[in-house]
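Hi everyone, thanks for coming.

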Amino acid sequence: MKLLLSEEHYKNLPNSSPFISNEKFELLKKFIVNCKKELGVKKPLQIKMKAKRDGELATFAHYDLSSGEICVYVKDRHIGDIMRSVAHELKHVEQHLKGMLNADSGNDGSPHENEANSFAGIMMRKFGKDFPEIYEDYNSDKVVINEDKNSATEYIAYHASNEYFTDFDVAKISNLRGDLYGKGFYFTNNYNYAKKFGTIMYECKITLNNPIDLTNDSKAKIHLLKLLSTINDISEYDEEYINDSIKCKNFTSAFRKIRKYCSFMELRELFDGVIGYSEEGGREYVVYNSKDIEILDVVKL
Ligand SMILES: [Zn+2]
């Protein structure tokens with residue numbers, strides 16, 4: 001599927017994409033115009049929306065220096081994530097037009113990459129104020145990408161802190177909120193809830209391939225019974241409590257009780273994190289390994 005979105009053909013543009021609702025598609029067009037205005041980029045642009053990540057598109061989005069085309073992967077992605085990708089690539093267009101790009105520009109952590117990420121973050125916040133509907137469904141645990149049910153699943157989520165840091169250090173892994181879902185790095189897709197935990201907001205892409213998913217009835221049951229089976233010595237009372245909780249779908253209570261018997265190390269051998277409900281709506285993601293966290297944007301609130 002290839003959709004050509006060229007500014008000069010705005011009037012003739014198809015008003016739909018099989019992967020984006022008409023309303024969201026209109027918002028995307030507005031967003032692109034806003035980004036271009038902000039960047040002072042007047043040149044007409046070709047933006048291809050693709051449903052397959054292959055060849056030229058190994059990542060979520062790509063700007064081809066020679067053809068000047070932007071490709072963005074749109075299938076099963078939240079409109080907010082698509083917009084973020086497009087804004088990031090549009091910043092590269094501006095950098096390119098100013099003759100700033102070089103061979104290392106695309107590397108993670110390069111100044112040009114950081115600039116593109118922060119531009120995308122700024123544009124999203126500005127646009128989100130006028131069109132809050134771009135955040136719709138974020139709270140329903142929207143999967144950023146899930147091409148194959150058994151492969152990596154990535155989420156955009158927030159973590160607020162009072163400290164600046166450049167990576168999530170396992171040595172500083174939080175115990176403070178241990179009562180909720182246990183030890184781990186805590187993230188949520190509920191931005192307003194995240195704000196309560198600090199004045200510096202980290203927007204991250206997290207990957208959970210094999211989490212204990214307490215928000216999915218069938219998975220939660222399997223995951224919890226698997227954990228229960230690894231425990232050698234458990235009181236009869238606790239075992240009954242856990243089994244009853246699972247039967248009644250009180251997965252969080254069951255998990256809390258099971259954790260009395262499992263160390264963080266043991267949990268981490270079997271799973272890479274936990275997905276649970278946040279206390280104020282939305283999801284809570286607990287990530288066990290730093291390598292599964294990519295910081296996209298850091299903002300002082
Ligand atoms: Zn880039």
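A helix crossing is called left-handed if the near helix is turned anticlockwise from the far one by less than a right angle, and right-handed if it is turned clockwise. With that in hand, look at H2 and H3: H2 passes H3 in a right-handed crossing.

One caution before we go on: this is a predicted model.

Okay, the overview. The chain has nine helices and eleven strands. Of its 301 residues, 36% count as buried. And if you take contacts between residues at least 6 apart in sequence, 72% of them join residues at least 24 apart.

Back to the helices. Two packed helices are described by the angle between their axes and the distance between the axes. For H2 and helix H3, residues 111–130, the angle is about 130 degrees and the axes are 8 Å apart. That makes H2 oblique to H3. On the H2 side, the residues that meet H3 include Gly-80, Met-83, Ala-87 and Gln-95, and on the H3 side they include His-112, Phe-119, Ala-120 and Met-124. The residues of this contact divide into seven nonpolar, six polar and three charged.

H2 has another partner. Helix H1, residues 22–39, packs with H2, residues 79–97, at an angle of about 25 degrees, with the axes 10 Å apart. So H1 and H2 are roughly parallel to each other. Their crossing is right-handed. From H1 the contact uses, among others, Leu-27, Leu-28, Phe-31 and Ile-32, and from H2 it uses, among others, Ile-79, Ile-82, Val-86 and Leu-90.

H7 passes H8 in a left-handed crossing. Residues making the contact include Tyr-241, Ile-242 and Ile-246 of H7, along with Phe-251, Ala-254 and Ile-258 of H8.

Lys-249 counts as partly exposed, because it has 13 C-beta neighbours inside 10 Å.

Next, the inside. In soluble globular proteins, nonpolar side chains tend to be buried together. In this model, the largest nonpolar core has 34 residues, and those with the most contacts inside it are Ala-157, Phe-187, Ile-206, Leu-224, Tyr-285 and Val-287. Which elements supply at least two residues each? They are strands E5 (154–161), E6 (185–188), E7 (200–207), E9 (273–277) and E10 (283–287), plus helices H6 (217–230), H7 (236–247) and H8 (251–259). E5 gives the most to this core, with five residues.

Zoom in on Phe-187. Leaving out residues up to four places away in sequence, Phe-187 touches Ala-157, Tyr-158, His-159, Cys-204, Ile-206, Tyr-285 and Val-287. There's also a second, separate core of 30 residues, which includes Phe-60, Ile-70, Val-72 and Leu-90. You've already met Leu-90, in the contact of H1 with H2.

Thr-207 lies in strand E7. Is Thr-207 buried or exposed? Buried, because it has 20 other C-beta atoms within 10 Å, and the cut-off for buried is 20 or more. Thr-207 and Asp-272 are 65 residues apart along the chain, with their C-alpha atoms separated by 9.0 Å.

Asn-162 is in the loop between E5 and helix H4 (178–181). Asn-162 has 8 C-beta neighbours inside 10 Å, so it counts as exposed. Even so, it touches Gly-198, Thr-199 and Ile-200, not counting residues up to four places away in sequence.

Last one: Asn-232, in the loop between H6 and H7. Asn-232 is exposed, with 6 other C-beta atoms within 10 Å. Asn-232 and Tyr-261 are 29 residues apart in sequence, and their C-alpha atoms are 9.0 Å apart in space.

Note on methods: Residues numbered from 1 in each chain as written. Predicted model: local features only at pLDDT ≥ 70, side-chain atom pairs only at ≥ 80, totals over all residues. Axes fitted to C-alpha atoms, helices over the stretch in contact; angles between N-to-C directions. Helix = DSSP H or I, 4+ residues; strand = E, 2+ residues; numbered from the N terminus. Parallel < 35°, antiparallel > 145°, perpendicular 65-115°, else oblique. Contact = placed C-beta atoms within 7 Å. Core = buried A, V, L, I, M, F, W, Y, C linked by C-beta atoms within 7 Å. Buried ≥ 20, exposed ≤ 12 C-beta atoms within 10 Å, placed from the backbone. Nonpolar A, V, L, I, M, F, W, Y, C, P; charged D, E, K, R; others polar.
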